[in-house]
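Here is a short report for a reader new to this structure. Look at the fold as a whole before turning to its parts.

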Amino acid sequence: MILRDLHAKARQALDPVHYDYVAGGAGDERVLADNERAFDRYLLLPRVLRGGERRDTAVDLPGAPGASPVLVAPTAFHRLLHPDGEEATARAAAAEGAVLVTGTASTTAVARVVAAARGRDRAAAVWFQLYPHPRREVTHALVRRAEEAGCTALVVTVDSPAFGRHTRDLRNGFTDLPPGHAAENMRDLPGAPPGALTDIPMSPAVSWADLDDLVRRTALPVLLKGVLHPADARLAVEHGAAGVFVSNHGGRQCDAVPAALDCLPAVAAAVAGRVPVLLDGGVRRGSDIAVALALGASAVGVGRPVVWGLAAEGEPGVRRVLAALREEYDHTLALCGGRRNTDLTRDMVVRKGGTW
Ligand SMILES: Cc1cc2nc3c(=O)[nH]c(=O)nc-3n(C[C@H](O)[C@H](O)[C@H](O)COP(=O)(O)O)c2cc1C
C-alpha cells in the first residue's frame, strides 16, 4: 500500500523529533486514532446496473472550478521535513489538479508557493489558510499577502483559540523552529517576529465579528475550517462563509471530540447544500473519500499522507499520494455504480453491523 510505504520511508528519513511533530496529536491521541477508525464504522452499499462508461470526479469549489475531490490540507513547516518544502508540495498538487491549502505557518512565503503551483501546465488553485490575529491589522496584512500572491480563497482556522498541547512535542521539548527556518508569512508583520512556533497567531479573543470584518474586507471566498457543531455550521453560512471544513485539526487540538467523520452528517444537514461542506481527518483510502462524499462532503482534505509523501520522496512522493487517492476513489466510484461524485448518496452508506 503506497501510503503505508511512504509513511514508513518518511519515518526513517525524518529526525525523530520532527517525525513526532507530524505524527502526533493532543493529549492521549484518542481523537487522532479515532479519526481513522471512524471510517471502519461505515460501509458502502453499492448500486448496480446503472450503465455509463466514463466517470467525472471533478468538483466545483469556491475559487477552484473543476478541482480534484482530494485537497491538500494545510500542514505547517514543510521545509523542516524536506529541503524543497512547500514549493515541492505546490508543484505536486498542481500537477494532480488538487487544491493546495497553504498555511499561515509556512516555511515558504505564500507568493513563492503560488508561483510554484503556477509553474506547470495544469495549475491548480491555492487557498490561503489563515490563523486570524486578535489585532486586525495583522490579519489584514496577512490577507493582503495572500490576495497579492494570487490565492483564490481564504480558509480561516477556527478550532485553535489556543495552541494544542501535543504530548510528544512537550516530551521532546520541541517548541521552536530550528535556526534557518521561519514562519515566512509572518515576517515583518506588525508585532509578529518570525521564528518561534508560538508566534503563529492563536487567540481566544477572535469572534464572529472578526469573521464579519474579514468577509467585508476581502473579495475572496472565505471558508471556515474546524467546525464540528451543527449550530456553528449554520452560523458560518449566516455570516457569509463560502464553505465549511468539518475538521478536528487531525486530533491536534481538543482530545475529547468526536471523529471528524462522525460530525459530518449533522453539519451537512445544517448547511443543507447552501455552501460546500469539506472534511479532513483520517482519510487514507479512496473508499474513505467515497464514504465522506456519500455522507455529505463535496471534497476531502488530507494532511499527514501528503507530509509522509513529501518527507519520503519530495515532490514525486506527494504526487504519488494524491494520484493513489484519486485513482482509488475513481475505482470505488465505479464499483458503487457511480459516474459523478453526486451519485454517492446518503442511502449508500450503512453503519457496520447494521443497516440504515
Ligand atoms: C504536522 C501538521 C501540521 C498542521 N498544521 C496546520 C496548520 O498550520 N493550520 C491548520 O489549519 N491545520 C493544520 N493541521 C491540520 C490539518 O490541516 C488537517 O486538519 C489534518 O492534518 C487532517 O487530518 P489527517 O492528518 O488525518 O489527514 C496540521 C496537521 C499536521 C499533521
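How many helices and strands does the chain have? The chain has 13 helices and twelve strands. Helices (H or I, at least four residues) and strands (E, at least two) are DSSP runs, numbered from the N terminus.

This is a predicted model: local features need pLDDT of at least 70, side-chain atom pairs count only at pLDDT 80 or more, and totals for chains, interfaces and linings use all residues. Residues are numbered from 1 along each chain as its sequence is written, and side-chain values use heavy atoms, with hydrogens and water left out.

**The whole chain**

The radius of gyration is taken over C-alpha atoms, and the globule rule is 2.2 Å times the number of residues to the power 0.38. For 356 residues, a compact globule would come near 21 Å; the chain has 19 Å, which agrees. Contact means heavy atoms within 4.5 Å. Of the contacts with a separation of 6 or more, 75% join residues 24 or more positions apart. Buried means under 20% relative accessible area, exposed over 50%, partly exposed in between (1.4 Å probe, protein chains only).

| Property of the chain | Value |
|---|---|
| Span of the C-alpha trace along its principal axes | about 60 × 45 × 45 Å |
| Radius of gyration | 19 Å |
| Buried share of the 356 residues | 58% |

**Strand β5**

Strand β5 covers residues 100-103. In a regular strand the side chains alternate between the two faces of the sheet. Both faces of β5 are covered. Leu100 and Thr102 are buried on one side, Val101 and Gly103 on the other. Two strands pair if DSSP finds at least two bridges between them. Four bridges join β5 to strand β6 (residues 126-130), and the two run parallel. Val101 stands opposite Trp127 in β6.

**Helix α12**

Is helix α12 largely enclosed or open? Nine of the ten residues of α12 (residues 304-313) are buried, so the helix is largely enclosed by the rest of the structure. Among the buried residues are Arg304, Trp308 and Leu310. Gly314 follows α12, and its phi is positive, near 70°.

**Val275**

Val275 lies in the loop between α10 (260-271) and β10 (277-280). Val275 is buried, with a relative accessible area of 14%. Which residues does Val275 touch, not counting residues up to four places away in sequence? They are Val237, Ala241, Ala242, Gly243 and Val244. Val275 and Thr157 are 118 residues apart in sequence and 17 Å apart in space, C-alpha to C-alpha.
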